[in-house]
Amino acid sequence: MVTTTEQTHRPITPHSILTSKLQALEKLMRDTSAYPIYLDSLQECLDLATPLDHYIAEHTSSPSEDLDRLEAETNAIDWDGAFNRGQTELQLEKEMVSGAVEGQFLQLLTSISGAKRILEIGSFTGYASLAMAEALPDDGKLIALEYDQFTADFAKSQWEKSPHGSKIEIKVGDAIATLRELAKAKVTFDLVFIDADKTGYLNYYKTILEENLIQKGGLICVDNTLFMGQVYGAEPVSENGKALEHFNQFVRDDERVQQVLLPLRDGVTLIRRVA
């Protein structure tokens, strides 16, 4: 089910932005009592668009109590206040949490891939980390990389409440430097999940492949690859949108991998190393 906190999130996915704009247009047309024929067509569009996110969430397996608690406590944090007080180094927001649908997708991906070693770049408050850890075998391991100490500490406090938290190790600091340390130690992973600073995606991806951190046949899952529709929209895009557009083009042309971009939430690309 869609929670109250989920419903109050600002629109950040292509679908939710489209729905928001359609709703605003529908209200405007009703207020002016104009264009009754167009209004009927607009209502049909709204009938298709508005319920979709709720329907998907309603027909996705429910997360664990630990994940529900983690999301609720993430949403309860005053993120603007934390930044203004200097607790966080970055301007963070509750919408960065992966949430139930994507969490269940990652958990299912972990299970069906048989992954035992997972690398996550960008943990935020640790929702996706815990979702994947719940699907790891008892001897499985997830290494999460996070830049911000405040969110890393929060994530650790949440994982400690779960029997699966012991499978997770978090490393705080510059992600590229940590990736090179892992490569030097000859560590390899079955599954990599990237959900960090968007302008760094391409460097993370290149380093993972060039340093052989992902084995042949391994999967890389990348979040936000539709980035609010900016990667394919006609309107001017932000720096993050431009970075994601460039990233998508690079992966598309990379003969070392096979990939598919899925319109799940804000876009998820699955990449399999084939060479």
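Strands E1 (residues 117–121) and E2 (residues 141–146) run parallel and are joined by five bridges. The model is predicted.

- Leu119 has Ile143 of E2 as its bridge partner.
- Of the six residues of E2, five are buried, so the strand is largely enclosed by the rest of the structure.

**Nonpolar cores**
- The largest nonpolar core holds 36 residues.
- Within this core, Ile118, Met132, Leu142, Trp159, Leu191 and Cys221 touch the most other members.
- Helix H8 (residues 127–133) supplies the largest share of the core, six residues.
- Leu191 touches Leu109, Thr110, Ala115, Arg117, Ile118, Leu119, Met132, Ile214 and Leu219, with residues up to four places away in sequence left out of the count.
- In soluble globular proteins, nonpolar side chains tend to be buried together.

**Helices H10 and H11**
- Two packed helices are described by the angle between their axes and the distance between the axes.
- For helix H10 (residues 175–184) and helix H11 (residues 201–210), the angle is about 5 degrees and the axes lie 10 Å apart.
- Angles under 35 degrees count as roughly parallel, and H10 and H11 are therefore roughly parallel to each other.
- H10 contributes Ala175, Ile176 and Leu179 to the contact, while H11 contributes Asn203, Tyr204 and Thr207.
- Four residues of this contact are nonpolar, two are polar and none is charged.

**Two residues of helix H12**
- Val251 lies in helix H12 (residues 239–252), and Asn248 is found in helix H12 too.
- Val251 has a relative accessible area of 3% and is therefore buried, since buried means under 20%.
- Apart from residues up to four places away in sequence, Val251 touches Tyr205, Val257, Gln259 and Ile271.
- Val251 and Thr269 are 18 residues apart along the chain, and their C-alpha atoms are separated by 9.6 Å.
- Asn248 is also buried, with a relative accessible area of 17%.
- Beyond its neighbours within four places in sequence, Asn248 is in contact with Thr225, Val231, Leu261 and Thr269.

Methods
Residues numbered from 1 in each chain as written. Predicted model: local features only at pLDDT ≥ 70, side-chain atom pairs only at ≥ 80, totals over all residues. Heavy atoms only, no water. Axes fitted to C-alpha atoms, helices over the stretch in contact; angles between N-to-C directions. Helix = DSSP H or I, 4+ residues; strand = E, 2+ residues; numbered from the N terminus. Parallel < 35°, antiparallel > 145°, perpendicular 65-115°, else oblique. Contact = heavy atoms within 4.5 Å. Nonpolar A, V, L, I, M, F, W, Y, C, P; charged D, E, K, R; others polar. Core = buried A, V, L, I, M, F, W, Y, C linked by side-chain atoms within 4.5 Å. Buried < 20%, exposed > 50% of the residue type's maximum accessible area, 1.4 Å probe, protein only. Pairing = 2+ DSSP bridges.
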